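Please read it beside the structure.

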Amino acid sequence: MKRSSSQLEEPRPAPKYGRGTGVPNPIDVHVGARIRMRRLLLGMNQETLANALGLTFQQVQKYEGGANRVSASRLSAMAEILGVPISYFFGDLQQEDADVSPEDKLWREQLQRPETIEFIRLFYAISDQKVRYQFLEMAKTVAATFEAKAE
């Protein structure tokens with residue numbers, strides 16, 4: 001429907017995030033976190049990824065933090081370098097209005113910590129499945145000891 005020039009257009013609400021707000025788009029933050037997680041799982045530092053992309057490591061930092069949006073062509077190049085399909089970067093993406101419990105939020109944050117990712121990478125670097133299983137059982141025992149002390 002066309003408006004006459006005498007009618008004033010209603011002002012648009014201020015954006016919640018994006019350029020000029022100082023708040024990155026949550027999707028950009030999610031994609032950046034997935035880039036970071038995959039890079040760390042591979043044991044790759046930011047400089048190595050940056051060199052493969054022809055960028056500076058500071059640019060990779062901005063992508064991983066969601067401060068800069070990753071273009072489709074750059075995301076495709078990252079997927080190839082990191083050995084994943086492009087869809088990997090959008091995996092586990094929550095709807096903006098989705099309710100996430102505090103426990104689930106904490107769980108997700110813990111899984112994205114560098115030490116968690118390094119632990120997973122090192123765990124799977126143990127080639128002997130029997131040794132991995134023994135290590136897992138040891139970790140369960142240690143965790144149970146701490147859980148018992150907390151009670």
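1. In the residue classes used below, Ala, Val, Leu, Ile, Met, Phe, Trp, Tyr, Cys and Pro count as nonpolar, Asp, Glu, Lys and Arg as charged, and the others, Gly among them, as polar. The model is predicted: local features need pLDDT of at least 70 and side-chain atom pairs count only at pLDDT 80 or more, while totals for chains, interfaces and linings use all residues. Residues are numbered from 1 along each chain as its sequence is written, and side-chain values use heavy atoms, with hydrogens and water left out.

2. The lining of the second largest pocket comprises six nonpolar, two polar and one charged residues. A pocket here is an open set of points, on a 1 Å grid over the protein atoms alone where a 1.4 Å probe fits, with protein on both sides within 12 Å along at least five of seven lines; lining residues have an atom within 4 Å of a point. The volume of this pocket is about 370 Å³, a volume being the space filled by probe spheres set on the points, which are joined across faces, edges and corners.

3. The residues lining the second largest pocket are Trp-107, Gln-110, Leu-111, Glu-115, Thr-116, Phe-119, Ile-120, Phe-123 and Tyr-124. Helices α5 (102-111) and α6 each supply at least two of the lining residues, and α6 gives the most, with six. Helices are DSSP runs (H or I, at least four residues), numbered from the N terminus.

4. Helix α6 (residues 114-125) also packs on helix α7 (residues 129-150): their axes come within 9 Å and cross at roughly 140°. That makes α6 oblique to α7. Axes are lines fitted to C-alpha atoms over the stretch in contact, with angles running from 0 to 180 degrees between N-to-C directions; angles under 35 degrees count as roughly parallel, over 145 as roughly antiparallel, 65 to 115 as roughly perpendicular and the rest as oblique.

5. In this packing, Phe-119, Phe-123 and Tyr-124 of α6 meet Arg-132, Phe-135 and Leu-136 of α7, where contact means heavy atoms within 4.5 Å. By class, five of these residues are nonpolar, none polar and one charged.

6. The whole structure holds four aromatic pairs. Rings of Phe, Tyr and Trp (its six-membered ring) pair if their centres lie within 6.5 Å; planes under 30 degrees apart count as stacked, over 60 as edge-to-face and the rest as tilted. The ring centres of Phe-119 and Phe-135 are 5.7 Å apart with planes at 35°, so this pair is tilted. Phe-119 in α6 and Phe-135 in α7 are 16 residues apart, and the pair links distant parts of the chain.

7. Helix α1 (residues 26-41) and helix α3 (residues 57-65) have axes 6 Å apart and pack at an angle of about 120°; the two are therefore oblique to each other. Asp-28, Val-29, Gly-32, Ala-33, Ile-35, Arg-36 and Arg-39 of α1 make the contact with Tyr-63, Glu-64 and Gly-65 of α3.

8. Leu-40 lies in helix α1. Apart from neighbours within four places in sequence, Leu-40 is in contact with Pro-114, Ile-117 and Arg-121.
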